[in-house]
Amino acid sequence: NLEAVSAAEPNWKIRLLNTPNDPRYTECWGLHNTGQTGGTADADIDAQEAWDISIGSFDVVVAVLDTGVDYNHPDLAANMWTNEDEIPGNGEDDDGNGYVDDVRGWDFEHEINDPMDDYGHGTHCAGTIGAAGNNGAGVAGVNWRVTIMPLRIIGDQDLEAYCLDAAEGIQYAVDNGARVMSCSWWTVEHYSQTLEDAVAYADQHDVFVVAAAGNDSTNDDDPGYDHWPSEWPYPNIIAVAATNHTDNIAYFSNYGPTTVDVGAPGLDIL
């Protein structure tokens with residue numbers, strides 16, 4: 001009986017501006033900038049507005065190719081990836097992927113199955129991506145829920161890294177279910193066909209490579225300055241410059257209207 005219908009409309013979702021209970025969240029200006037660090041209010045990624053739509057999903061695997069990740073960290077442990085096809089500690093390659101006992105991922109620098117971070121950079125990146133949100137501890141990541149795959153490609157305190165390790169890490173991430181990978185590193189001196197092939201392989205499998213624009217205060221569009229992988233013209237590459245709390249380019253960050261896709265908070269990030 002249409003006469004009994006006064007109105008018909010979608011049942012719109014109410015926006016609450018989700019705020020996590022993590023005690024140090026208020027210090028995370030990149031997520032929600034109130035001017036708490038002397039910067040510009042709302043010079044942030046509008047995380048609270050986004051969290052009304054989604055707080056992330058464990059179905060999304062993000063590989064962190066870096067100095068490793070502290071997978072026991074209390075704000076990360078709940079969001080860490082494990083290889084469920086591998087039986088831990090039996091000395092065998094149960095899933096046939098070429099890596100023995102890679103339950104936690106892999107350390108390509110040392111060719112061992114323990115990608116623990118003893119430097120901190122990879123753990124910092126992982127926390128920004130996916131520190132567990134609303135768990136009453138530490139900070140909140142951009143994703144409260146996500147699955148972080150730790151892959152170590154960078155060495156000890158000397159921070160040595162090689163293109164072959166990076167390429168192997170990229171292929172491992174693709175083959176083991178990563179949808180996105182964080183590559184907060186670059187090479188500028190020598191072109192590597194092996195590394196580009198790995199990036200192309202990720203592109204062929206629709207896996208995003210989020211790559212740092214660089215920290216040399218340089219225009220990546222300059223034809224005399226080559227910066228990889230961020231400059232390669234593959235559609236799966238997202239090249240990211242660093243911004244500060246006033247929504248300007250960070251003093252150290254590379255830039256480039258053609259080769260750099262987006263800026264994101266990258267200075268004084270807790």
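## Basis of the description

The model is predicted, so that local features need pLDDT of at least 70 and side-chain atom pairs count only at pLDDT 80 or more, while totals for chains, interfaces and linings use all residues. Residues are numbered from 1 along each chain as its sequence is written, and side-chain values use heavy atoms, with hydrogens and water left out.

## Aromatic pairs

A search of the whole structure finds 11 aromatic pairs, where rings of Phe, Tyr and Trp (its six-membered ring) pair if their centres lie within 6.5 Å, and where planes under 30 degrees apart count as stacked, over 60 as edge-to-face and the rest as tilted. One of them joins Tyr-99 and Trp-106 in an edge-to-face arrangement, at 4.9 Å centre to centre and with 65° between the planes. Tyr-99 is buried at a relative accessible area of 17%, and Trp-106 is buried as well, at 8%; here buried means under 20% relative accessible area, exposed over 50%, and partly exposed in between, with a 1.4 Å probe and protein chains only.

Trp-228 and Trp-232 form a stacked pair, with 6.1 Å centre to centre and 20° between the planes. Trp-228 has a relative accessible area of 10% and is buried, and Trp-232 is buried with a value of 7%. Tyr-99 and Trp-106 also belong to one aromatic cluster that includes Trp-81, Phe-108 and Tyr-172.

## Cysteines

The structure holds zero disulfides, a disulfide being a pair of cysteine sulfur atoms within 2.5 Å. For Cys-125, the closest cysteine sulfur is that of Cys-183, which at 10 Å is too far for a bond; Cys-125 counts as buried, at 15% relative accessibility. For Cys-163, the closest cysteine sulfur again lies in Cys-183, here at 12 Å and too far for a bond, and Cys-163 counts as partly exposed at 24% relative accessibility.

## Salt bridges

The structure holds three salt bridges, each defined as a side-chain nitrogen of Lys or Arg within 4 Å of a carboxyl oxygen of Asp or Glu. In one of them the side chains of Arg-24 and Glu-27 meet at 2.9 Å, N to O. Arg-24 is partly exposed, with a relative accessible area of 39%, and Glu-27 counts as partly exposed at 37%.

Arg-152 forms a salt bridge with Asp-107, the closest N and O atoms being 3.9 Å apart. Because Arg-152 lies in strand β3 (residues 145-152) and Asp-107 in strand β2 (residues 106-107), this pair ties together parts that are 45 residues apart in sequence; helices (H or I, at least four residues) and strands (E, at least two) are DSSP runs, numbered from the N terminus. Both Arg-152 and Asp-107 are buried. Asp-118 is partly exposed, at a relative accessible area of 42%, whereas Arg-152 is buried at 3%. Through shared partners, salt bridges join Asp-107, Asp-118 and Arg-152 into one network.

## Helix α3 and its surroundings

Helix α3 (residues 163-175) has 13 residues and reaches 18 Å from its first C-alpha to its last, close to the 18 Å expected at 1.5 Å a residue, where the expected span is 1.5 Å times one less than the number of residues. Its buried residues are Asp-165, Ala-166, Ala-167, Gly-169, Ile-170, Tyr-172, Ala-173 and Val-174. These buried residues of α3 pack against β1 (56-66), β3, β4 (180-183) and α4 (193-204), contact meaning heavy atoms within 4.5 Å. After α3 comes Gly-177, whose phi is positive, near 100°.

## Ser-182 in strand β4

Ser-182 has its place in strand β4 and counts as buried at 12% relative accessibility. Leaving aside its neighbours within four places in sequence, Ser-182 is in contact with Ala-63, Val-64, Leu-65, Cys-125, Ile-129 and Val-210.
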